[in-house]
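Visitor: I am new to this structure and would like to learn how to read it, one feature at a time. Could you guide me through it?

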Amino acid sequence: MVCALHNADWRRPPGHWRFCRARRRAARHAPAGPLRACLEAPLPPSGQPVAASHFLAVDLETTGLDPEHDRILSIGWVAMDGPRIDLATADQRLVRAEGPVPEASAVIHRITDRRAASGVPLEEALDALFQALAGRVMVAHHAALEIGFLEQACQRLYGVRPPLAIVDTLRLAETALRRAGQPIPAHGLRLHTLRARYNLPAYRAHDALFDAIAAGELFAALLSRQSPDGKLPLGRVLFRPAWLW
Amino acid sequence: MNGELEEIREFLDRCPDLAPLPAASRDAFVRRLTLRYLREGSTFPPENEPGLWIVRTGTIELRDDRDTLRDRLGEGDLVHVPEAPSHPLGPVTEDALIYHLPLERARELAALDGSIAQVLAADAQRPLSTDGATHGHGGDNRLLTTPVRALMTPHPVLAVSTLSLREAARLMDRADISALLLHTPDRPGEPCGILTDTDLRRAIANDIDPETPVADSMAHPLTTVHRGTPAFEALLCMARHDIHHLPVIREADDTLAGILSSTDLIRHQGTSAVYLVRDLRRADDLEGLKGIMQALPRLQTQLVDSGADALQITQTITMVIDTLTQRLIELCERDQGSPPCAYAWLASGSQGRHEQTVFTDQDTAIIIADDGPKGADGWFEALARKVTAGLDACGIRACPGDVDPTHPDWRRPAADWAREMERVLQHPTPRDAMLATHYLDMRVIHGDASLFEPLHQRALETGARHEALLSTLADQARDLPPPLGFFRQFVLEDSGEHADTLDLKMRGLLPIVAMARVFALHAGSAARNTVERLRAAARAGVIHEATADNLVDAWLFIAGLRARHQSSQVRSGQAPDNALDPAGLSTLERSHLKTAFRLVSDARKTALADAERVHG
């Protein structure tokens with residue numbers, strides 16, 4: 001599935017009505033709660049200017065890259081109104097671990113067993129996320145990972161795979177660079193490499209909240225170039241999950 | 001559970017302008033910020049939005065209505081825009097990530113904690129003007145900015161020099177003036193001398209026949225100033241020459257426009273330098289001099305407060321220290337008997353360049369006429385010991401082993417000096433670079449100037465002809481990097497007594513001084529002062545006018561900052577030094593200082609290379 005996502009052409013209009021229909025269907029199957037409320041909240045029309053759209057930059061820290069076997073360790077997010085990132089909304093949840101945290105991922109995220117044990121149940125973390133996400137378009141760097149893990153978790157906990165409207169900053173940056181005719185070096189699309197390119201500060205890597213803020217800032221930087229006046233239609237920056245069409 | 005915004009908080013903790021905000025309110029502050037990304041070339045503030053803006057990365061320029069650069073904001077700088085501006089304040093010149101505290105959130109915060117008001121008010125009061133930083137405590141600056149023409153007495157009485165003393169005295173009495181300008185019979189309208197009350201007093205005391213022509217008693221040649229000369233410079237001129245009247249001439253045709261007396265100046269403030277110099281001249285022993293020199297820090301503070309610029313301050317301080325040196329030598333000659341042969345007392349370093357401040361040390365030397373009797377050196381060694389010790393006692397630190405006339409290297413006969421200077425200037429080893437700079441900066445403080453000036457002139461000619469010296473000096477200028485790091489943060493001293501401070505002299509002024517020295521040498525200019533050297537080099541076409549202007553501005557700004565820093569140290573009872581803590585600067589000063597360093601850095605890259613190419 002991850003491959004299919006990669007091949008998606010985000011530049012085509014997202015087929016807004018089909019997407020909304022899929023969301024309504026998922027909402028019907030979801031249990032009452034923040035997920036359902038989130039799916040029921042109307043999405044902005046795809047022609048709406050980005051400057052007037054509302055986003056939620058999200059980052060997940062996981063024990064690995066495979067949604068089937070790996071677990072979510074923490075979720076961080078921050079809301080964006082157009083290109084403005086509002087730190088008042090910055091939030092994160094550590095997820096209580098159901099087993100030991102693999103050593104390799106503990107090194108990366110600095111989330112140890114003890115810290116993981118102090119977290120909240122995954123369901124509580126997801127509820128908080130979906131509450132924040134209602135009426136907003138998710139922004140993530142390399143969104144396939146976020147999509148994969150969130151769908152897997154929702155499938156397990158709520159029995160639905162929620163169709164989420166997502167902006168992928170990695171895709172946006174890649175397209176921007178290709179269009180500018182710039183070569184993309186190895187690791188050139190990593191969040192931290194891209195941020196340096198746009199003169200954004202280096203944050204300590206792999207903290208869900210700061211990675212979410214970092215992705216939001218990168219999105220703002222990309223928008224400032226692609227659409228200085230903010231009039232670019234939202235549909236043009238959306239990353240479209242391929243299975244919907 | 002809220003995520004921790006520790007990284008942003010840590011950044012804000014490093015912003016000195018947010019210092020008034022207590023630690024307890026900072027989390028609330030961070031939580032109310034929004035983040036904006038401004039692309040290079042866009043305008044600031046985005047959507048002309050008011051509020052408090054803090055630059056995290058990038059550069060934003062603030063310009064006024066006439067598009068003149070007023071400020072340049074970089075990492076950690078903040079600007080408070082109290083209301084929505086009708087037009088953008090300036091362009092973003094480097095991709096910028098900025099934090100924004102919108103007005104309504106600032107108000108929310110003010111309700112929680114009043115100290116945010118201090119942050120906003122401190123920035124609002126800061127004048128957005130380039131010269132704002134140089135204004136002192138609102139003292140009366142008229143003396144510094146006013147041209148002489150505003151203070152002088154126009155239409156001075158001018159009489160012919162064949163007049164008798166008695167006739168001249170009557171004329172002065174009738175006109176109620178203390179000074180009478182005189183001209184020769186063949187050149188009416190062109191003053192050639194001046195007769196003052198003091199001259200009349202002296203004539204009577206010496207039983208001069210009142211019927212003799214005034215030409216015998218008048219002072220001549222005349223020292224004059226132009227109409228446009230700042231009053232402060234006129235003041236310096238009077239103090240230097242120990243006179244109280246200056247004829248004022250028109251710039252255009254050199255005709256007489258008026259006369260300026262010290263009373264004209266004393267009516268305004270800023271005269272303490274004159275009094276200080278006068279007191280030094282009258283002092284009769286070291287104890288007296290010591291007592292008077294205690295007023296020197298106060299003089300600098302006063303100059304800073306009255307808005308004097310760095311050139312005026314350093315020249316005044318140098319003038320006072322020159323006078324002190326001269327008086328010490330005179331007292332020494334009185335005690336030791338007259339010198340066995342002609343000699344001159346030389347000053348190098350900042351004194352030689354007229355660039356001293358209250359925190360300074362001695363760089364002096366002696367040149368002795370070649371025709372001195374055997375054993376004459378003993379007299380000069382004794383002089384050197386007494387004068388350097390005297391200066392030290394008066395607060396001008398001795399600098400043993402460096403440029404010190406008690407050491408035979410710095411106390412030589414003229415021929416020996418000539419040989420030594422030839423050697424250093426023609427074939428300098430890197431070790432000699434320091435010597436060469438001292439030789440080029442030297443000037444005569446006391447004694448027979450004709451002993452040294454020809455040597456200096458020859459040194460200039462020799463130096464300008466020799467690639468080796470020019471490149472040694474250029475290398476020296478390159479070896480003093482301005483203290484800006486890769487991210488345009490200040491590079492601070494990392495150890496010792498002054499850790500985490502900027503050495504304004506070593507890192508700020510000396511790179512400019514070193515460059516000016518090279519340029520002046522290329523231009524063949526005998527000027528010692530850095531500002532004069534740069535101007536001379538621009539006139540000679542060695543550097544661009546704009547480069548000279550930039551470097552002069554940078555020098556004036558950094559030296560001004562140092563003077564203010566020292567003056568605030570003096571005021572708080574500390575010993576003045578050159579170690580500045582940049583955290584104590586305002587955003588504006590910091591950005592100016594960075595700009596100054598960058599100008600120096602740019603000039604070092606281009607102008608030095610250009611100068612070498614032009615020459616080669």
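Visitor: How much confidence does the model carry in chain B, and where is pLDDT under 50?

Guide: This is a predicted model, and chain B has a mean pLDDT of 84, with 90% of its residues reaching 70 or more. Over residues 124–142 of chain B, however, pLDDT stays under 50, and the model has 32 contacts beyond four places in sequence for that stretch. For the model as a whole, the scores are ipTM 0.87 and pTM 0.50.

Visitor: How many helices and strands does chain B have, and what share of its residues is buried?

Guide: Chain B contains 24 helices and 19 strands, and of its 616 residues 47% count as buried. If one takes the contacts in chain B between residues at least 6 apart in sequence, 72% of them join residues at least 24 apart.

Visitor: What should I look for in helix H21 of chain B?

Guide: One may begin with its span: H21(B) runs over residues 504–523, and its 20 residues reach 27 Å from the first C-alpha to the last, which is close to the 28 Å expected at 1.5 Å a residue. Along the way there is a kink of about 40° at Leu510(B), shortly before the proline Pro511(B). After the helix comes Gly524(B), whose phi is positive, near 70°.

Visitor: Why is H21(B) described as largely enclosed?

Guide: A residue is called buried when 20 or more other C-beta atoms lie within 10 Å of its own. In H21(B), 18 of the 20 residues are buried, so the helix is largely enclosed by the rest of the structure.

Visitor: And how are the strands of a sheet held to one another?

Guide: Strands of a sheet pair through backbone hydrogen bonds, and they do so either parallel or antiparallel. In chain B, an open sheet of three strands has the order E8-E9-E10, with mixed pairing. Its edge strands are E8 (158–160) and E10 (191–196) of chain B, each of which pairs on one side only. Neighbouring strands of this sheet are turned by 40° against each other on average, direction ignored.

Visitor: How many bridges join E9(B) to E10(B), and which helix packs on the sheet?

Guide: Strand E9 (residues 179–183) of chain B runs antiparallel to E10(B), and five bridges join them; Leu180(B) stands opposite Leu195(B) in E10(B). The helix that packs on this sheet is H7 (residues 165–175) of chain B, which touches E8, E9 and E10 of chain B, and its direction makes about 130° with that of E9(B).

Methods:
Residues numbered from 1 in each chain as written. Chains lettered and ligands numbered in written order. Predicted model: local features only at pLDDT ≥ 70, side-chain atom pairs only at ≥ 80, totals over all residues. Helix = DSSP H or I, 4+ residues; strand = E, 2+ residues; numbered from the N terminus. Expected span 1.5 Å × (residues − 1). Bend = angle between axes of the 7 residues up to and from the residue. Buried ≥ 20, exposed ≤ 12 C-beta atoms within 10 Å, placed from the backbone. Pairing = 2+ DSSP bridges. Axes fitted to C-alpha atoms, helices over the stretch in contact; angles between N-to-C directions. Contact = placed C-beta atoms within 7 Å. pLDDT = per-residue confidence, 0-100.
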